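Subject: Structure handover

Hello,

Here is the structure we talked about. Please open it and keep it beside this email as you read.

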Amino acid sequence: MQLTRRHFGLGLAAASLSGCVAGTTAPRVARPDPTLDPGLRPQPNPAYDAWVAAFRERAKARGITEATLTAAFRGQGFLPGVIERDRNQTEFKRSLEDYLAIVAPDEKVVFGRRAYAAQKRALAQVEARYGVSADILAAIWGLESYFGTKRGKIPVISATSTLAWEGRRGRFFEANLMDALRIVQTGDARPDQLVGSWAGAMGHTQLIPNAYQQHAVDFDGDGKRDIWSDDPIDAFATTARFLSNAGWRRGLPWGLEVRVPDGYSGPVGRSARRSTSAWRDAGFRAATGGGLPDLGNAALLAPMGLDKPAFLVSHNFDMILRYNPSENYGLGVGYMAQRLGGGGPLRADFGPDRHGLTLEDRKALQRALTRRGFDAGTPDGVIGKKTEAAIRAYQAAQGLPVDGIPSRALLQRLG
């Protein structure tokens, strides 16, 4: 998952804990999934334990009851894997080409269009109330939880307490831990429902506890602000309210892919904005052909260079970044929204990488390695640790210099 509004933004069957407090009912607690990486299951750490003991006193001073703390922390513990993931966030470390290949491959678009169609009525109702377009909400749903199918398995109390103890952003994560405890104490969720991403984000659209407390909505009127159940409507509404409160402008497109005119040498980046008419006058056109829609004051983004896919983005693109501050994420949401609405792939080509391989070349390389018995993972064209390990294993087996580097010569050798 990502470090996002979940971290930089504006800020569960509601079973009462009273039965647990009275000792009449054993509380259900979040238990680590046995399929999780060992680093995401509680590990002994005396320093963390001491921090939790001190935190419990701070929490009680702020109104969290002993019963809530006991129920919420039962079965929780230090998760070293969340610290590692905090240091290696995909949307901040990958190129835009790799990022889109990870979050918006064609098979996910096909799946997402079906999911979007199934939730069309709910999304339209939420859009009517909050003004956030249905395709943007569906795209966020897709990027955050693969359209509700991957909502996370990591206990939120463990994740937020680990990151609060670690201290790099201790104050931020302690505030989220405190809000997670309030979710339990008010009966919005049981401890066992509080599972999600490595950073404590939860539900269909992966909200951190701070954002939940500020923006959660009982849209269907069933008495629960439920972002965890199979019905995603409360999660859609909560995300829409988040964006609306951030400053989303009804009816304004997020942006679009554009054709950069030959010889352009003007400003690039979100800090340099021009009116849509100024961009038109400079020769910019939609990549699909034709003129530009009205984007208000817009900025030009070209993350991989002006000769690669480029975009004009509006004020509403910046609102997506309130949800997650990565430009790759914002472009991923916009791209997925466009695909869910029936649009095609990007028109501009990313071209060969530094090894002379295109995305399709890299996919072919991964497939060939796996076919030869060297598991390169999902053939998505993204060269990560698994693909590099497969290359090294193949090179060693063939008596070649072992460097793990993809190349056209390697692709040709693999056939």
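First, a term. A crossing of two helices is left-handed if the near helix is turned anticlockwise from the far one by less than a right angle, and right-handed if clockwise. Helices (H or I, at least four residues) and strands (E, at least two) are DSSP runs, numbered from the N terminus.

The model is predicted: local features need pLDDT of at least 70, side-chain atom pairs count only at pLDDT 80 or more, and totals for chains, interfaces and linings use all residues. Residues are numbered from 1 along each chain as its sequence is written, and side-chain values use heavy atoms, with hydrogens and water left out.

Now the helix pairs. Two packed helices are described by the angle between their axes and the distance between the axes. Axes are lines fitted to C-alpha atoms, for helices over the stretch in contact, and angles run from 0 to 180 degrees between N-to-C directions.

Start with α8 (residues 120–130) and α13 (residues 233–246). They pack at an angle of about 25 degrees, with axes 10 Å apart. The two are therefore roughly parallel (angles under 35 degrees; over 145 is roughly antiparallel, 65 to 115 roughly perpendicular, and the rest oblique). Their crossing is right-handed. Contact means heavy atoms within 4.5 Å. On the α8 side the contact includes Leu123 and Tyr130, and on the α13 side Phe236 and Arg241. The contact residues divide into 8 nonpolar, 2 polar and 1 charged. Here Ala, Val, Leu, Ile, Met, Phe, Trp, Tyr, Cys and Pro count as nonpolar, Asp, Glu, Lys and Arg as charged, and the others, Gly among them, as polar.

Next, α10 (residues 156–166) and α11 (residues 170–185). Their angle is about 155 degrees and their axes lie 7 Å apart. That makes α10 roughly antiparallel to α11. This crossing is left-handed. Among the contact residues are Ile157 and Leu163 of α10, and Phe173 and Leu177 of α11.

Then α9 (residues 134–145) and α16 (residues 327–340). Their axes come within 8 Å and cross at roughly 115 degrees. The crossing is right-handed. Residues that meet include Ile140 and Leu143 in α9, and Val333 and Met336 in α16. They divide into 10 nonpolar, 1 polar and 2 charged.

Last, which helices each supply at least two residues of the lining of the second largest pocket? They are α6 (96–103), α7 (106–118), α16 and α17 (359–371).

Best wishes
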